[in-house]
Amino acid sequence: MPILLPLYLAFTLLLVIASVSKLRSPDQAVVAARASGLPASRLAVRMFGCYEAILAVAIVVVSPGDLPVTAIALSATYLGFALMTLRLVRLGTPVSCGCF
């Protein structure tokens, strides 16, 4: 993992930025989620922003023995983002993800 650590931490930093954006202003993420067919509300988007923040903190403070657990959670989160983005592209929906 040491070789991949900078990339892992960069993805974590990106997660923090997206989390803060969703917590401060969830409206665009609500629009994106609804456009992709997901039920969404300001509360749901803010709760997801909290999940992202908690995951980022866990990644930073986790013991090395638990690193695979946080890596899987981070990967699953980014997979979800990718699937939502792919759906928006296929639908031809020109909306921002509301992440930044």
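Residues 24 or more positions apart account for 71% of the contacts in the protein with a separation of 6 or more. Contact here means heavy atoms within 4.5 Å. This is a predicted model, in which local features need pLDDT of at least 70, side-chain atom pairs count only at pLDDT 80 or more, and totals for chains, interfaces and linings use all residues. Residues are numbered from 1 along each chain as its sequence is written, and side-chain values use heavy atoms, with hydrogens and water left out.

## Overall layout

The protein has four helices and zero strands. From the N terminus on, its elements run α-α-α-α. Helices (H or I, at least four residues) and strands (E, at least two) are DSSP runs, numbered from the N terminus.

The C-alpha trace spans about 40 × 25 × 20 Å along its principal axes. Of the 100 residues in the protein, 28% are buried. Buried means under 20% relative accessible area, exposed means over 50%, and partly exposed lies in between (1.4 Å probe, protein chains only).

## Helix 1

Helix 1 covers residues 5-24, 20 residues in total. From its first C-alpha to its last it reaches 29 Å, close to the 28 Å expected at 1.5 Å a residue. The expected span is 1.5 Å times one less than the number of residues. Its buried residues are Tyr-8, Thr-12, Leu-15, Ala-18, Ser-19, Ser-21 and Lys-22. Their cover includes helix 2, helix 3 (42-61) and helix 4. An α-helix has 3.6 residues a turn, so residues three or four places apart point the same way.

Ser-21 sits in helix 1. Ser-21 has a relative accessible area of 17%, so it is buried. Beyond its neighbours within four places in sequence, Ser-21 is in contact with Pro-26, Gly-98, Cys-99 and Phe-100. Leu-14 also lies in helix 1. Leu-14 counts as partly exposed because its relative accessibility is 31%. Leaving aside neighbours within four places, Leu-14 touches Tyr-78 and Phe-100. Leu-14 and Ala-56 are 42 residues apart in sequence, yet 9.4 Å apart in space, C-alpha to C-alpha.

## Helix 1 against helix 4

Helix 1 and helix 4 pack at an angle of about 55 degrees, with their axes 11 Å apart. Axes are lines fitted to C-alpha atoms, for helices over the stretch in contact, and angles run from 0 to 180 degrees between N-to-C directions. Helix 1 and helix 4 are therefore oblique to each other. Angles under 35 degrees count as roughly parallel, over 145 as roughly antiparallel, 65 to 115 as roughly perpendicular and the rest as oblique.

The crossing of helix 1 and helix 4 is left-handed. That term applies if the near helix is turned anticlockwise from the far one by less than a right angle; clockwise is right-handed. On the helix 1 side the contact is made by Tyr-8, Phe-11, Thr-12, Leu-14, Leu-15 and Lys-22. Helix 4 brings Leu-67, Thr-70, Ala-71, Leu-74, Thr-77, Tyr-78 and Phe-81. By class, this contact of helix 1 with helix 4 has nine nonpolar, three polar and one charged residues. Ala, Val, Leu, Ile, Met, Phe, Trp, Tyr, Cys and Pro count as nonpolar, Asp, Glu, Lys and Arg as charged, and the others, Gly among them, as polar.

## Helix 2 against helix 4

Helix 2 (residues 27-35) and helix 4 (residues 67-91) have axes that come within 9 Å and cross at roughly 65 degrees. The two are therefore roughly perpendicular to each other. Helix 2 passes helix 4 in a left-handed crossing.

Ala-32, Ala-33 and Ala-35 in helix 2 meet Met-84, Leu-88 and Leu-91 in helix 4. The contact of helix 2 with helix 4 has six nonpolar, no polar and no charged residues.

## Helix 3 against helix 4

The axes of helix 3 and helix 4 come within 10 Å and cross at roughly 145 degrees. Their crossing is left-handed. Helix 3 contributes Phe-48, Tyr-51, Glu-52, Leu-55, Ala-58 and Ile-59 to the contact. Helix 4 contributes Thr-70, Ala-73, Leu-74, Thr-77 and Phe-81. The residues of this contact divide into eight nonpolar, two polar and one charged.

Asp-66 is in the loop between helix 3 and helix 4. At 40% relative accessibility, Asp-66 counts as partly exposed. Asp-66 and Val-95 are 29 residues apart in sequence and 36 Å apart in space, C-alpha to C-alpha.
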